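I wanted to go through this model and note what sits around its ligand.

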Amino acid sequence: MKTIGFAAYDTETPLAPFEFERRGLRPNDVAMEILYCGVCHSDLHTARNDWGWSYYPIVPGHEIVGRVTQVGPSVSGFKVGDHVAVGCMVDSCQECDQCKKGEEQLCREGMTGTYAGYDRVTKEPTQGGYSKHLVVREEFCLSVSDKLDLAKAAPLLCAGITTWSPLKTWNVGAGSRVGVIGLGGLGHMAVKLAVGLGADVTVISRTKDKEADALALGANRLLASSDSDAMSDAANHFDLIIDTVPVKHDLMPYLALLDVDATLVLVGQVGPLDEISTVPLLMGRRRVAGSPIGGIKETQELLDFCAEKNILPDCEMIRMDEINEAFERMEKADVRYRFVIDMASLAAPATA
Ligand code: NAP
Ligand code: ZN
C-alpha cells in the first residue's frame, strides 16, 4: 500500500514529506490508519543519528494510535474499526525465553524497532508512525479502551511504558520514595504513574521553573539539582530514581540521593556517562541500572491501568508540518509535556 509520511533525509535538514510503500498484509497482520502519533526525544536522536544506527530516509514515530482498516485471515484479536496502538516494537523472535515471558523488548535475537529496524521477513528498513498508515503483526498491536481519550493516549506507548516498567520492576507502591530526573515527556509520565501507584514523588529538575507544573502533575515536591543545599538535604532519601536525561551527564550528585539498597535506573541517554566513583555504590549497596521500554503484556497492563485510573499525558497537539519546530522546542526542554501529531493534518496519497 502506498502511504505518506514525514522523514528525515539526513542528519541535518528538516523532516519533509516522503511517499513510500507499506508491506502487503500477511495472514497475521493488522493494517491501520494512524490517527495520532506522539513525538519522543528518541525520534529526534534518530533523525540526527545520535546513536549511529539510523538510515535515510527514516520516518520516526513510535507512539501510535490508529483505527484498524483491514486484518489478515489468521488475526483473531482485532477487527476493522477497532482502536489500536503500536509502540516501539513491531516484531521479535517469539521463541526465546524472554519473548516467551512476554519481555519481547529483551528478545535474544533483538526486537524489531518500529523504525530504525529491519523487517524480519523482507529485511527492509522499518518506518515509523509519522505517517498515514501502518501494517503490523497482531502480536505487537494493542487494544485501546474506549475509556481513554484517543488523542492523548499515544504517549503511553513509549513515555508511559518506559517509565511504568521500572516502577513495576522495582515494586513501587504506596509509600515508595521515587525521584524523577528531568521533567519532560518520560518524566511527566513517571510522575503521574508513580503517583497513581501511591508513591511519594519528587521531581528532580535543573531549576525551580517547573515547580508549579510538578505539583499540578501530582508530585509532592520539586528538588532543583542546581541548588546544592537542597541536594544535600535530600541525601539518602530515595528508594528508586528514574533518570530521563537525554544527554551525557554526571550521576554523582544523584547517587548521593539514593538510600541504602536503592536503585538509580537510567532510561534516557544512550552511550557513555561522565565517570562515576564506585564509593556510593559499594558503601550503600546501591545500584545503577538501565531499562528499555517494556513488554507487550506489560504495555497492555499499563493501558488498562491508565484507563481505570484516568491517567493521561499532558499533550500539545501539532500538525505534521509543525514537526521541525516541535523538535527545536523539545531540544530546549520547552514542551509541556508531549507533542502529539494529529495525523488528520497529513493528506493521504491519492492512490492509497
Ligand atoms: P524530553 O521530553 O526532551 O525530556 C527530557 C528532560 O530531561 C527535559 O525536559 C529536561 O528536564 C531534562 N534535560 C534536558 N536536557 C538536559 C541536560 N542537558 N541536562 C540535564 N537535564 C536535561 O525527552 P523524553 O522524550 O522524555 O526522552 C528522554 C530520554 O529518554 C531521551 O534520551 C530518549 O531517547 C530516551 N528514551 C528511552 C527509552 C527507553 O526505552 N529507555 C524510551 C523512550 C525514550 P528539566 O527541564 O526538568 O531539567
Ligand atoms: Zn520513545
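**Ground rules.** I worked from a predicted model, where local features need pLDDT of at least 70, side-chain atom pairs count only at pLDDT 80 or more, and totals for chains, interfaces and linings use all residues. Residues are numbered from 1 along each chain as its sequence is written, chains are lettered from A and ligands numbered from 1 in the order in which they are written, and side-chain values use heavy atoms, with hydrogens and water left out.

**Ligand shell.** I looked up which residues surround ligand 1 and got 27, the closest being H41, S205, K210, V267 and R338. A residue is near a molecule if one of its heavy atoms lies within 4 Å of it. By class, I found 13 nonpolar, 11 polar and three charged residues in this shell. Here Ala, Val, Leu, Ile, Met, Phe, Trp, Tyr, Cys and Pro count as nonpolar, Asp, Glu, Lys and Arg as charged, and the others, Gly among them, as polar.

**Polar contacts.** I took a polar contact as a pair of N or O atoms within 3.5 Å. H41 places a polar side-chain atom 2.7 Å from an oxygen atom of ligand 1. For G184 I noted a polar backbone atom 3.5 Å from a ligand oxygen, and for L186 a polar backbone atom at 2.8 Å from one. I then checked burial: ligand 1 taken alone exposes 930 Å², and the protein buries 88% of that. Accessible areas come from the Shrake-Rupley method with a 1.4 Å probe.

**Elements at the ligand.** The elements giving two or more residues to the shell are α1 (41-47) and α5 (185-196). I see that α1 gives the most, with three residues. Helices (H or I, at least four residues) and strands (E, at least two) are DSSP runs, numbered from the N terminus.

**Helix pair.** I followed α5 to α4 (residues 159-169): they pack at about 50°, with axes 8 Å apart.

**Cis peptide bonds.** I found one joining Y56 and P57, with omega about -5°; P57 is in the loop between α1 and β4 (64-71). Another joins R336 and Y337, with omega about -5°. Y337 is in the loop between α11 (323-331) and β17 (338-342).

**Positive phi.** The loop between α11 and β17 also holds A333, whose phi is about 55° although it is not a glycine. I also noted A116, a residue other than glycine with phi near 60°, in the loop between β7 (112-113) and β8 (133-137).

Definitions and conventions:
Polar contact = N/O pair within 3.5 Å; in protein donor to acceptor, adjacent residues only side chain to side chain. Axes fitted to C-alpha atoms, helices over the stretch in contact; angles between N-to-C directions.
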